[in-house]
Amino acid sequence: MTKTVLQLLPRTPGTFDGVGDYALNLAQLLVTQYGIGSVFAIREHTPGQGPAQLEVLPMDNNGIAAAEAAGKFAGVVLHYANYGYQKRGVPTWLPRFINGLRRAIPGRLVTVFHELYASGPPWGSAFWLRPLQKRIATQISALSDCCMVSNETTAEQLRALNPAAAITVQPVPSTYGEPVLTLQQIRQRDPHRWALCGGTALLERSLRSFSQLISKIPADVRPRELLLLGGRESASLRAAAKELKPLRTTYLPEISAANASERLATCSYGWIDYFDDERVPLSLILKSSSFAAYCAHGLVPVFPRGGSPFGVLEDLLPGPFYIDARGSSLPQEQDAGKTGFEHLEWYHRRAAIHVLGRRLASLVSPGKEPSETVPATEAK
């Protein structure tokens, strides 16, 4: 092993936290494929949590603990999720912390923006705190050698904050595995077998809209069996799933990634109700590991509303497919397998963990940016 990077995280990876799982999967790929190890500096860490082999440094506001070990690091990967570092999404201490690391660590700083800032109605705190959240995101981007975002919409938002930022678009990968699947295997699936996966809040929101709209799903693909995978144990979710009878439901909270992968690979459609605000562009779904899991397993993702086609650059996904109160847009039964396989092919071109690993490995080494990174001089 020739290099080690310092990954900065809000919470311990491997504890049913999306950002942490992203970082852990990235670390495993970097070390196996590129010989780049990872040490984690974690804002909220409880000893004994996460995989036993984790090497963890405490993160304090002055960066002292991380800076003491700075000589071993070839670079820094900051996973920025503003609400992860401060409960109102305003970690005012973080730019100072990062600035201290920049002076202590000679390598590059790559910031993965899992979030930029929140939006919401005037009666919510997010509305009033958004200017401060934007300022912090701008400061972090200015300190970064490169900024990684999951979708084109977030890239445009970041360019508006900091036109000088160097930005690369890299969708979030699946945290439920990436099985090898053929078109024939996907075509053989039962088109009446659907799935919901994700964290507890996402499952609750998705199940609520799914139960309201199930009658609108065309009969040739209307679900007869539904799998609910992930999140923490929830009595309300378990009760809501039982109310869907005669639909057969299987609720598996806190499921392992391998087990979830096996079950997802038997489904044809995946329902996802990701957005609280209908004005949000669908392209932001590329920040969702649940959406990525559907694509990685050859499911057809289905939304409770329509929207414009999206993807990375000119490489667009099929659809988007939706069911809402006014109608639906779904591939017919005989086309479900082909459409699912097209999502799988797109995923391996654009979002797979090996694509993310290759990109991060090049970004932490000076002068080896991927061709799709937008240099500051070309930012629009």
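Predicted model: local features only at pLDDT ≥ 70, side-chain atom pairs only at ≥ 80, totals over all residues.
Aromatic pairs come to ten in the structure. One of them joins Tyr 80 and Tyr 85, and it counts as stacked because the planes meet at 25 degrees, under the 30-degree cut-off, with the ring centres 6.5 Å apart. Both of these tyrosines are buried. Trp 194 and Tyr 269 make another stacked pair, with 4.8 Å from centre to centre and 20 degrees between the planes. Here the partners come from distant parts of the chain: Trp 194 sits in strand 8 and Tyr 269 in strand 11, 75 residues apart. Trp 194 has 0% relative accessibility and so counts as buried; Tyr 269, also at 0%, is buried too.

Strands 8 and 11 come up again around helix 8, as both are among the elements that cover its buried residues. The cover also includes strand 9 (225–229), helix 9 (235–242), helix 11 (289–296) and strand 15 (321–324). Helix 8 itself runs over residues 200–213, and its 14 residues reach 20 Å from first C-alpha to last, close to the 20 Å expected. Its buried residues are Leu 202, Leu 203, Arg 205, Ser 206, Leu 207, Ser 209, Phe 210 and Leu 213.

Definitions and conventions: Residues numbered from 1 in each chain as written. Heavy atoms only, no water. Helix = DSSP H or I, 4+ residues; strand = E, 2+ residues; numbered from the N terminus. Expected span 1.5 Å × (residues − 1). Buried < 20%, exposed > 50% of the residue type's maximum accessible area, 1.4 Å probe, protein only. Contact = heavy atoms within 4.5 Å. Phe/Tyr/Trp six-rings, centres within 6.5 Å; stacked < 30°, edge-to-face > 60°.
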